[in-house]
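Here are my notes on the model, point by point. Please read them with the structure open.

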Amino acid sequence: MSTTPARAHLPSPPLRRRVLRAAAAALSAALLAAGCGSPGDASRNPKAASEPAEGFPVTVDNCGVTTTYDRPPSRVVTIHQHPAELMLALGLKDRMVGTAFPDSAPLPELREDYESVPQLAKREPSFETVLDAEPDFVYGGYRSAFDEHEGRSRKAFADAGIDTHLNREYCGKKRVTMEDTYEEIRTIGEVFGVSDRADKLVADLRERVDEAAAAVEDEPEVPVFVYDSGDKAAFTAGGRSLGTELIRLAGGENVFADLDDVFGDVSWEQVVERKPEVIAIYDYAGAGSVERKKEFLLSRPALADVPAVKNERFVVLPLTATLVGIRSAHAVEDLARGLHPENFR
């Protein structure tokens, strides 16, 4: 039986519930303003209804969207894996009502918690699917989390009464550094009222990065080509990606640091011209196995004289380790060991 026109224009059940709650709250406020509240309600204790939580309000400017939080979000959906792992590393599993789009196996220490949170979709969930989880906060990892053409714009969520946050790697046009990672962690810690945990996590990650960088600081930079995917063209990490910073800290140089984007396509002729000595292969679901990527690179006659291919020097990194999140500090050490193995014997 077809849906009637009147039914087709009704909002989804979760959205209707949210609208009804908002209407009820507005009615309650109007009654209180008119002096009609009952003796035991918030009219006798305005603090219970109006005061922000301790340490709040908190105002955050994120990718041009300014949000003021009167209290920490309590029902969170993360879209993409690195925001989920950041939340879990801050001990916020109890606030999470859904995840989506896993890129790789979770960190071993977070696996149990990660798998306990409902997975809403294998890729980006629909707007309606997110609404069904009734979140008050949606945290996206890639720009596609809030794809306007898919109906998931930040404005659409705001109109539904849901706050949003986008990983800062996709906020602007400047090069992303490890400082952005640390600031992202601190910002989420502030939004959720756990700044002390965020500061401790940042200190631990900074120490890990500093130790790895110190081990290779006197070594010559190794030219590195990042191979994400692609056959007719190579999809690689550009100069604005955190990957470029990780390579630098590990004693290398991204041969496509002049590509003015987070990721982008380059020709195989350009790869040959830039003579990388190491190829960093990004590993994630849906882009082919690492072995398949190695076989592809080794089988191309045009790449035969590229030093990295000739000497079969590959470093494998989970994609989630190259993004603004808690794994990037681990990636610096892994890269440093791959670029300068003699320094870690």
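1. Start with the cysteines. C63 and C171 form a disulfide, with 1.7 Å between their sulfur atoms. The model is a predicted one. The structure holds one disulfide. The link of C63 and C171 is left-handed, at -70 degrees about the S-S bond.

2. Where does the pair sit in the chain? C63 lies in the loop between strand 1 (58-62) and strand 2 (65-69). C171 lies in the loop between strand 7 and helix 8.

3. The reason for the label is the cut-off: buried means under 20%, and exposed means over 50%.

4. Five strands make an open sheet in the order 5-4-3-6-7, and the pairing is parallel. Strand 5 (119-121) and strand 7 (163-166) stand at the edges. Each has a single partner strand, so one side of each is left without a neighbour in the sheet. On average, neighbouring strands of this sheet are turned by 20 degrees against each other, direction ignored.

5. Strand 6 (residues 137-140) and strand 7 run parallel and are joined by four bridges. For V138, the bridge partner in strand 7 is T164. Helix 8 (residues 178-191) packs on the sheet here, touching strand 6 and strand 7. The direction of helix 8 makes about 165 degrees with that of strand 7.

6. Last, helix 12 (residues 290-299). Which of its residues are buried? They include V290, K293 and L297. Seen down the helix axis, the buried residues of helix 12 fall within an arc of 65 degrees, so they line one face of the helix. The face turned away from the buried side carries the exposed residues R292, E295 and S299.

7. What do the buried residues of helix 12 pack against? Among the helices, the partners are helix 11 (268-274) and helix 13 (307-310). Among the strands, they are strand 8 (222-227), strand 12 (278-283) and strand 13 (314-318).

Terms used: Residues are numbered from 1 along each chain as its sequence is written. This is a predicted model: local features need pLDDT of at least 70, side-chain atom pairs count only at pLDDT 80 or more; totals for chains, interfaces and linings use all residues. Side-chain values use heavy atoms; hydrogens and water are left out. Two strands pair if DSSP finds at least two bridges between them. Helices (H or I, at least four residues) and strands (E, at least two) are DSSP runs, numbered from the N terminus. Axes are lines fitted to C-alpha atoms, for helices over the stretch in contact, and angles run from 0 to 180 degrees between N-to-C directions. Contact means heavy atoms within 4.5 Å. Buried means under 20% relative accessible area, exposed over 50%, partly exposed in between (1.4 Å probe, protein chains only). The arc is that of the directions from the helix axis to the C-beta atoms. A disulfide is a pair of cysteine sulfur atoms within 2.5 Å.
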